[in-house]
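User: I'm new to this one. Please put it up and take me through it.

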Amino acid sequence: MNALQRMLPQFQAYATPWDKLGWWALRIVCVAVLLFLQLPIFVIIPLSFSDSSFLVYPIPAWSLRWYENLFTSAEWIRAAKNSFIVAPAATLIATMLGTLAAVGLARVSFAGKGVLMSLLIAPMVVPIVVVAVSTYLFFAPLGLADSYVGLIIVHAALGAPFVLTTVLATLQGFNRNLVRASLSLGADPVTTFFRVTLPVIAPGVISGALFAFATSFDEVVVTLFLAGPDQVTLPRQMFTGIRENITPTIAAVATLLVVFTTSLLLALEWLRGA
C-alpha cells in the first residue's frame with residue numbers, strides 16, 4: 001500500500017485525462033459491485049429490530065422482541081447448543097488432521113503426491129449434495145446417521161482441506177534448518193514439532209481452523225441428510241423456519257451470524273497481519 005501511495009503522485013503527474021478517468025471509473029465500478037454484493041446481507045439487519053410480525057419495509061416500529069424470542073425459544077437454544085457442540089469438535093479434528101497432513105506432504109516428495117493432494121482437497125470442490133448423499137448412504141448402515149459422531153466426522157472432512165491448504169502455504173517459507181538444528185541438539189521429532197515447527201506455522205494453523213469452524217458452523221446441506229431431531233443446528237433450524245413459517249426471528253439469527261462471521265474474518269486478517 002505504501003508503494004502504491006508513493007507511485008500515485010507520479011501517476012497523476014504523467015497521466016492523461018483519459019487515464020485519470022479510467023482510474024476513477026475502475027474504483028467506482030469496484031465500489032458499486034461491492035455494494036451490490038453486500039446490500040442484500042445488510043438489508044436483513046434492520047428487519048431484526050422491527051416490531052412487525054412480517055419481513056416488510058418500511059419498518060413500522062422498532063423493537064427487540066425477536067431477539068427476546070430467539071433467546072427464550074427452546075428450539076433456537078437447542079439449535080445453537082448443537083452448533084457449538086458440532087463446530088468446535090469438527091474444527092479440532094480438522095485442524096489436527098489437516099496440519100499433520102500438510103507437514104507430512106511438505107517434507108517428502110513421492111510418486112502420486114499430486115493425486116493424493118487432489119483426494120485430500122476433494123471435499124472443497126465436490127458438490128456438497130454429492131457429499132451429503134454419499135455420506136448418508138455410507139453412514140446409515142453403520143448407525144452413524146442421526147448422531148453427533150457422524151455429523152462431526154463429515155464436518156471435519158469438509159474443514160480439513162482448508163487447514164491443509166493454509167498450512168501448506170505457510171510451510172512454503174519454513175526454514176528446514178530449524179528442524180535440523182533442533183534434532184541435532186538432542187530433541188526428539190515430537191518435541192521439535194511442538195516447540196519449533198508449530199510456533200512458526202501457527203498463523204496458518206489458526207487461519208485454517210477459523211475457515212474450518214466457519215464451514216462447519218454454516219453448513220446446512222449435510223446436516224439436512226445426517227442430523228436427526230436432536231442434532232438440529234442453527235442453519236438447519238433457519239432452513240426449517242424459512243420453509244414452514246417465516247418470522248423476523250430468522251432475521252435476528254441472521255444478524256447475529258453476520259456479526260459472528262465478520263468477527264472471524266477480522267480475527268483472520270489480524271492473524272495475517274501479525
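User: Which element gives the largest share of the lining of the largest cavity?
Analyst: That is α4, with 3 residues. Elements here are DSSP runs numbered from the N terminus: helices (H or I) of at least four residues and strands (E) of at least two. A cavity is a set of points on a 1 Å grid over the protein atoms alone, where a 1.4 Å probe fits but cannot get out; lining residues have an atom within 4 Å of a point.

User: What should I know about the model and its numbering?
Analyst: This is a predicted model: local features need pLDDT of at least 70, side-chain atom pairs count only at pLDDT 80 or more, and totals for chains, interfaces and linings use all residues. Residues are numbered from 1 along each chain as its sequence is written, and side-chain values use heavy atoms, with hydrogens and water left out.

User: Back to cavities. How many are there of 30 Å³ or more?
Analyst: The structure holds 1. The largest cavity has a volume of about 40 Å³. A volume is the space filled by probe spheres set on the grid points, which are joined across faces, edges and corners.

User: Which residues line the largest cavity?
Analyst: They are S83, V86, A87, H155, S216, F217, E219, T223, T233 and P235.

User: What is the lining of the largest cavity like by class?
Analyst: It has 4 nonpolar, 5 polar and 1 charged residues. Ala, Val, Leu, Ile, Met, Phe, Trp, Tyr, Cys and Pro count as nonpolar; Asp, Glu, Lys and Arg are charged; the others, Gly among them, are polar.

User: Now pockets. How much space lies in the second largest pocket?
Analyst: About 220 Å³. A pocket is an open set of grid points with protein on both sides within 12 Å along at least five of seven lines.

User: Which residues line the second largest pocket?
Analyst: L70, F71, W76, I77, A80, F84, F217, L234, V253, L256, L257 and F260 line it. Two or more residues come from each of α3 (65–72), α4 (74–107) and α13 (248–273). By class, the lining is 12 nonpolar, no polar and no charged.

User: Next, packing. How many residues has the largest nonpolar core?
Analyst: It has 29; A102, V154, V167, L171, I201, V222 and L226 have the most contacts inside it. At least two core residues come from each of α4, α7, α8, α10 and α11 (221–226). The largest share, 11 residues, is from α8. A second, separate core of 18 residues includes W76, L210, A254 and L268.

User: What counts as a nonpolar core?
Analyst: It is a set of buried Ala, Val, Leu, Ile, Met, Phe, Trp, Tyr and Cys residues joined through side-chain atoms within 4.5 Å. Buried means under 20% relative accessible area, exposed over 50%, partly exposed in between (1.4 Å probe, protein chains only).

User: What is I201 in contact with, leaving aside neighbours within four places in sequence?
Analyst: With T99, V103, V167, T170 and L171. Contact means heavy atoms within 4.5 Å.

User: Is T135 buried or exposed?
Analyst: T135 is buried, because its relative accessibility is 15%. T135 is found in helix α7. A polar atom of its side chain lies 2.6 Å from the backbone oxygen of V131. Beyond neighbours within four places in sequence, T135 is in contact with V154 and L226.

User: And where is D146?
Analyst: D146 sits in the loop between α7 (128–139) and α8 (148–171). Its phi is near 60°, a positive value in a residue other than glycine. D146 counts as partly exposed, because its relative accessibility is 48%.

User: Last one. Where is P60?
Analyst: P60 is in the loop between α2 (17–47) and α3. P60 is exposed, because its relative accessible area is 59%. Setting aside neighbours within four places in sequence, P60 is in contact with S50 and S52. P60 and T99 are 39 residues apart in sequence and 51 Å apart in space, C-alpha to C-alpha.

Methods. Polar contact = N/O pair within 3.5 Å; in protein donor to acceptor, adjacent residues only side chain to side chain.
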